[in-house]
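Please read them alongside the model.

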Amino acid sequence: MSPGPGALAAPVSAAGASGEDVAGRLVRDGYVIIAGMMSDAEIRAARADLDRILAATRTGRNAFEGFSTRRVYALFAKTRTFDRAATHPLLLDVLDRVLRHYQLSAPVGIQIGPGEAAQILHRDDAIYPLPQPHPTVVVNTMWPLDEFTADNGATRFVPGSHEWAPGRTPAAGDPVLSATMSPGSAMLYLGSLWHGGGANHTGRPRLGVILEYAAAWLRPQENHCLAVPRAVVRQLPGRLQELLGYGIYPPFLGYVDGRHPRRVLSAPE
Ligand SMILES: O=C(O)CCC(=O)C(=O)O
């Protein structure tokens, strides 16, 4: 059953959840929260490594990035703590059903600092000049590493907005929900869902990581082949290499010198 427009849908438990059920909820509601996607040890390791990286990361350059917010771009060049999350079998099962052929588009750590204002609501798929409506081409995932609360900047979204008629934009009076959730969960949401980072009214930062996926025939937001050194990519599991651009959209989109791009990884430099 679909949640009412004013209520956040209860999380689904990763243990025993089927890709079919999760994908069905995602397409129907525009989002789905899955609990139990990371272990406590993985959460601790990710927090510690992200804290190390954030110590050398500047705050945002504009209101969209957030003047009190730090963003860790080129995530897979800087930490190994999201390799498993990015290829979580349940997540890939859902993406197989919703996007079919896909790649990582924007992997970014986002630490919303105290006093940050709410980010403007937006749709992640609006960066692509596609006619509206169009099939789903973007699915984003948010992985909280702090408890997400309405007060500290939990991602906000407009329920049902993934089904809005072309041209409609959020207006005063449209319901906005906060994706309150705990570390270890992941919220999957469609690129057509209006959403944005929340305002942080607390004295402590809010840390989360987005792993955004896009159809493999689109240009990804970040150019991973330049952002992640080849020596790093060589050490990664094959599926993650593919998701970082060393893959083909059938029959041959993305070839290098007429051959599969993974061959670049075994060629001498
Ligand atoms: O930090 C968040 O909760 C969401 C951020 C977001 O939607 C974005 O930066 O595109």
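1. Asp-93 is partly exposed, at a relative accessible area of 26%; here buried means under 20% relative accessible area, exposed over 50%, and partly exposed in between, with a 1.4 Å probe and protein chains only. Helices are DSSP runs (H or I) of at least four residues and strands are runs (E) of at least two, numbered from the N terminus.

2. A word on the basis of these values. This is a predicted model, in which local features need pLDDT of at least 70 and side-chain atom pairs count only at pLDDT 80 or more, while totals for chains, interfaces and linings use all residues. Residues are numbered from 1 along each chain as its sequence is written, and side-chain values use heavy atoms, with hydrogens and water left out.

3. The structure has eleven salt bridges. One of them joins Glu-42 and Arg-84, at 2.4 Å from N to O. This pair connects distant parts of the chain, with Glu-42 in helix α2 (residues 40-54) and Arg-84 in helix α4 (residues 83-86), 42 residues apart. Arg-84 is exposed, at 62% relative accessibility.

4. Arg-28 and Asp-29 also form a salt bridge, their closest N and O atoms being 2.8 Å apart. Arg-28 is partly exposed at 35%, whereas Asp-29 is buried at 7%. Elsewhere, a network of salt bridges links Arg-47, Asp-51 and Asp-146.

5. Which residues are around the ligand? Among them are Phe-64, Met-142, Asp-124 and His-195, where a residue counts if one of its heavy atoms lies within 4 Å. An oxygen atom of the ligand is 2.9 Å from a side-chain N or O atom of Arg-71, and one is 3.0 Å from such an atom of Gln-119. A polar side-chain atom of His-122 is 2.9 Å from a ligand oxygen atom. Taken alone the ligand exposes 290 Å², of which the protein buries 96%; the areas come from the Shrake-Rupley method with a 1.4 Å probe.

6. His-195 belongs to strand β9 (residues 195-196). Is His-195 buried or exposed? His-195 is buried, with a relative accessible area of 4%.

Key. A polar contact is a pair of N or O atoms within 3.5 Å; within protein, one must be able to donate a hydrogen and the other to accept it, and residues adjacent in sequence count only if both atoms are side-chain atoms. A salt bridge is a side-chain nitrogen of Lys or Arg within 4 Å of a carboxyl oxygen of Asp or Glu.
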